[in-house]
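Thanks for coming. Please have the view open.

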Amino acid sequence: MRDSTGFDRASDLLRRHTGDTGRPGEFTLLDREWELLDGVFSPTYTPVTGLFTTWLPFPDGGSFLEIGSGTGVTAVVAAQEGCASVTALDLSEEAVENTRRNAARHGAGDRVRVLRSDLFSALGPEERFDLIYWNSNFAEPPEGFVNETDLHHAFFDPGYDAHRRFLREAPARLNPGGRVLLGFSSIGNVELLRALAAESGQKLTLFRSQGREVDTMVIEFQMWELTAE
Ligand SMILES: C[S@@+](CC[C@H](N)C(=O)[O-])C[C@H]1O[C@@H](n2cnc3c(N)ncnc32)[C@H](O)[C@@H]1O
């Protein structure tokens, strides 16, 4: 039987995003102040953004591609921590604007290019990167579920269609020696993720993980590395 824990948890998070009238327009994370626009995934309800950002091996002097940049925390930190170029993509127009604002706020506007994009679609055909990363929408909704708003896409991936495309397309976007890392968790469907990676001749290796108690449940936050089988 399908385990609905991840879907229930993500639905609860989505409700908090849309129903929380006291939601701050600013937040503090990783000792920095950030702007938060309505309709954008908030790093304040879960430790995921902060954890993953501190785990990433940003390539010093290299290029970093973030899929789904949200408020832009990870993209900005990548620029501040020595990446020569950062490309931040998001499906959501609000997220694109939010990332642009936070890059400018932190003096990184010249090193962070922000584009609206469905996964890799806005990139030029020849563009390649040293590190590709996505903190993904790992909750698997029930069959027939439709993402009604851009914000739904921050949580749910119906049929794991976006994951399937990411796993298939990311390796071709790497420079020689480059790495693909996927931010995920125990409330996502890891078995399906593995099967989809295998389908495209890739395998997943756990790069790092940590369990955290969040709202009375323990979630294991995981970062998976994608490599050739
Ligand atoms: C879990 S949120 C993470 C946001 C941000 N990186 C963070 O860690 O706070 C997932 C992000 O992926 C974006 N996203 C979902 N599907 C996408 C797609 N097909 N192409 C680009 N971005 C997508 C969402 O809009 C959302 O901003």
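Which helices and strands each supply at least two residues of the lining of the largest pocket? On the helix side they are H1 (5–19), H2 (48–55), H3 (73–80) and H5 (161–169). The strands are S3 (63–67), S4 (85–90), S6 (129–135) and S9 (217–228). Keep in mind that this is a predicted model.

The space in this largest pocket comes to about 730 Å³. It is lined by 47 residues, and those closest to its centre are Asn135, Ser136, Asn137, His153 and Ala154. Sorted by class, the lining has 24 nonpolar residues, 15 polar and eight charged.

Next, helix H6, which covers residues 190–199. Its buried residues are Val190, Leu193, Leu196 and Ala197. As for what covers the buried residues of H6, the cover includes H5, strand S7 (174–185), strand S8 (202–214) and S9.

Now the two ends of that helix. At the start of H6, Asn189 has a side-chain oxygen that comes to within 3.3 Å of the backbone nitrogen of Glu191. After H6 comes Gly201, with a positive phi near 70 degrees.

Phe138 sits in the loop between S6 and H5. Is Phe138 buried or exposed? Phe138 is buried, with a relative accessible area of 12%, and the cut-off for buried is under 20%. Along the chain, Phe138 and His163 are 25 residues apart, yet 8.3 Å separates their C-alpha atoms.

Last, Thr99. This residue is in helix H4, residues 93–105. Thr99 is buried, and its relative accessible area is 0%. Which side chain does the side chain of Thr99 make a polar contact with? The partner is the side chain of Ser69, at 2.9 Å. Setting aside neighbours within four places in sequence, Thr99 is also in contact with Gly70, Thr71, Gly72, Ala88 and Val114.

That is the last item on my list.

How values were computed:
Residues numbered from 1 in each chain as written. Predicted model: local features only at pLDDT ≥ 70, side-chain atom pairs only at ≥ 80, totals over all residues. Heavy atoms only, no water. 1 Å grid on protein atoms, 1.4 Å probe; cavity = no way out; pocket = protein on both sides within 12 Å on 5 of 7 lines; lining within 4 Å. Points joined across faces, edges and corners; volume = space filled by probe spheres on them. Helix = DSSP H or I, 4+ residues; strand = E, 2+ residues; numbered from the N terminus. Nonpolar A, V, L, I, M, F, W, Y, C, P; charged D, E, K, R; others polar. Buried < 20%, exposed > 50% of the residue type's maximum accessible area, 1.4 Å probe, protein only. Contact = heavy atoms within 4.5 Å. Polar contact = N/O pair within 3.5 Å; in protein donor to acceptor, adjacent residues only side chain to side chain.
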